[in-house]
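Here is a short briefing to read alongside the model. Have the viewer open and follow the strands as you go.

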Amino acid sequence: MLTIENLHANVADKPILKGLSLSINAGEIHAIMGPNGAGKSTLSYVLGGRPGYEVTEGSATFDGQDLLDMDPHERAAAGLFLGFQYPVEIPGVSNVQFLRESLNAQRKARGQEPLSGGDFLKLAREKAGLLKMDMDMLKRPVNVGFSGGEKKRNEMVQMGILDPKLAILDETDSGLDIDALRTVGDGINAIMRRPDKAVLLITHYQRLLDYVQPDFVHVLAAGRIVKSGGPELALELEREGYAEIAA
Amino acid sequence: MTISALPSRRDEAWRYSDIDAVTAAWPLPAPESIIVPAGGDFKRAIVQDAGEIRQIELVLGKGATASLHVLNIGGAYGRIELAVTLHEGADFNLGAAQIGGGEQNLEIVTTVTHAEPGATSRQVVRSVLGGTATGTYLGKVAVARDAQQTDSEQDVKAMLLDRSATANAKPELEIFADDVKCAHGCAIGELDAMALYYLQSRGLPPGEAKKLMLQAFVAGVFDGAEDEEQLQALALAKLGELV
């Protein structure tokens with residue numbers, strides 16, 4: 001589904017990713033772990049097409065298409081979802097309106113009919129329920145006045161509504177208390193653990209992986225993947241620390 | 001405000017104006033005069049979409065209320081000028097948006113005089129400017145010597161879509177009383193790049209993402225207008241032309 005080969009990327013002319021390769025197939029959940037500054041968030045933004053993240057070498061192919069050649073909204077329509085580490089507050093723009101317009105823009109790009117207001121609300125209610133989020137919060141301006149945990153929950157509701165093929169979740173577990181972590185973990189499993197979908201979880205800690213069992217774990221250090229393994233690698237990292245493994 | 005001589009850029013109230021357009025329109029017809037009697041209530045929506053100079057003199061009698069909603073969007077040069085006089089306990093409310101692109105020059109110029117005690121005025125002005133357009137708000141609040149308990153507010157914001165656009169904003173206070181509340185705030189900025197990226201990452205094309213944020217930016221100025229929906233629709237259509 002996603003093939004990254006020898007990816008190099010700069011942020012403000014500073015090289016951050018230095019030859020990263022990774023292959024993710026449908027039905028798989030991958031976790032990327034690594035110390036601060038390793039390039040985890042840069043990887044998610046490069047794949048999500050954030051302006052200012054400049055690819056200098058290598059390729060990323062998503063479902064046979066050149067991902068790096070697509071604009072952010074085209075990547076979304078192709079089935080990519082980026083869960084933000086710091087979801088953005090947008091005063092005045094209601095969640096519901098924003099999501100309905102986004103979903104319908106994606107559907108239009110795929111040649112599908114737009115979803116009616118009623119059908120959209122039904123869908124939104126179902127996904128909000130899955131993440132135990134109050135419908136009233138969905139009607140409020142995007143993330144404005146939300147706690148850290150509520151913002152992350154909102155990201156997962158958005159993911160449920162937009163129904164992507166591939167979700168890249170950048171530290172979705174940070175800022176969550178134990179109960180919210182379980183809810184979000186259950187949400188990821190319910191929405192994304194399917195034979196035709198895949199997930200790339202970016203995290204510092206083992207915690208989230210207790211709820212969302214990865215098939216593969218990778219260690220990212222200094223802009224490259226330095227070690228890959230099964231779920232046991234995450235436990236090893238937790239025990240030994242990054243310094244030992246990444247060295 | 002009746003001016004007999006052709007103004008020049010040396011006149012503060014015409015400093016940013018398109019003097020050629022003013023000259024062509026000179027002499028201006030007498031300002032429209034609206035008098036709201038004591039206890040009366042007045043509402044008006046003004047859509048400037050043809051490139052005119054509109055001058056209105058509004059007098060609110062004791063305890064009268066008036067609510068004006070202005071959408072300034074049309075023509076190469078469009079100017080809306082309001083001279084408002086408030087008598088005791090009157091309440092004046094202005095919600096205005098000016099949206100311009102290309103080489104448009106749009107202006108809203110207000111003078112709100114609190115002539116007597118206890119009157120309130122509130123002005124909310126939002127400008128959205130692209131291309132090499134210029135948008136100007138000059139707003140003077142004048143409080144007479146015995147107009148105690150005046151409560152006035154000016155809330156002025158402009159959004160520049162291109163670095164080549166210009167916003168001028170000058171809230172101005174002239175206060176002779178000593179027990180008044182006169183709030184004024186002014187901000188000029190650009191759309192938040194991270195917010196735009198966030199919206200696009202969910203599938204909105206760049207133009208739609210900008211339109212959504214701009215809609216939120218001007219939303220609210222038409223609250224309570226009689227033809228609120230029509231004003232919103234006109235504003236949205238104009239925003240759609242700019243993004």
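Both faces of strand E9 of chain A are covered: A:Leu166, A:Ile168 and A:Asp170 are buried on one side, and A:Ala167 and A:Leu169 on the other. A residue is buried if 20 or more other C-beta atoms lie within 10 Å of its own, exposed if 12 or fewer, and partly exposed in between, with C-beta atoms placed from the backbone. This is a predicted model, in which local features need pLDDT of at least 70 and side-chain atom pairs count only at pLDDT 80 or more, while totals for chains, interfaces and linings use all residues. Residues are numbered from 1 along each chain as its sequence is written, and chains are lettered from A and ligands numbered from 1 in the order in which they are written.

**Around strand E9**
- E9(A) covers residues 166-170, and five of its five residues are buried; helices (H or I, at least four residues) and strands (E, at least two) are DSSP runs, numbered from the N terminus.
- Strand E6 (residues 80-83) of chain A runs parallel to E9(A), joined by four bridges, and A:Gly83 has A:Leu169 as its bridge partner.
- Five bridges link E9(A) to strand E10 (residues 198-203) of chain A, again in parallel, with A:Ala167 partnered by A:Val199.
- From E9(A) the chain passes through helix H7 (residues 178-192) to E10(A) in a right-handed β-α-β crossover (clockwise from the first strand over the helix to the second, with the strands pointing away from the viewer).

**The antiparallel sheet**
- Four strands of chain A form an open sheet in the order E2-E1-E4-E5, with antiparallel pairing (two strands pair if DSSP finds at least two bridges between them).
- Strands E2 (14-24) and E5 (65-66) of chain A are at the edges with a single partner strand each, so one side of each has no neighbour in the sheet.
- Two bridges join E4(A), residues 53-62, to E5(A), and A:Thr61 stands opposite A:Asp66.

**Contact with chain B**
- Chain A gives 22 residues and chain B 17 residues to the contact (C-beta atoms, placed from the backbone, within 7 Å).
- Helix H3 (95-109) of chain A is among the elements that give two or more residues to this side of chain A, and H3(A) gives the most, with six residues.

**Chain A overall**
- Chain A has 10 helices and 12 strands.
- Its C-alpha trace spans about 55 × 40 × 35 Å along the principal axes of chain A.
- Buried residues make up 44% of the 247 residues in chain A.

How values were computed: Contact = placed C-beta atoms within 7 Å.
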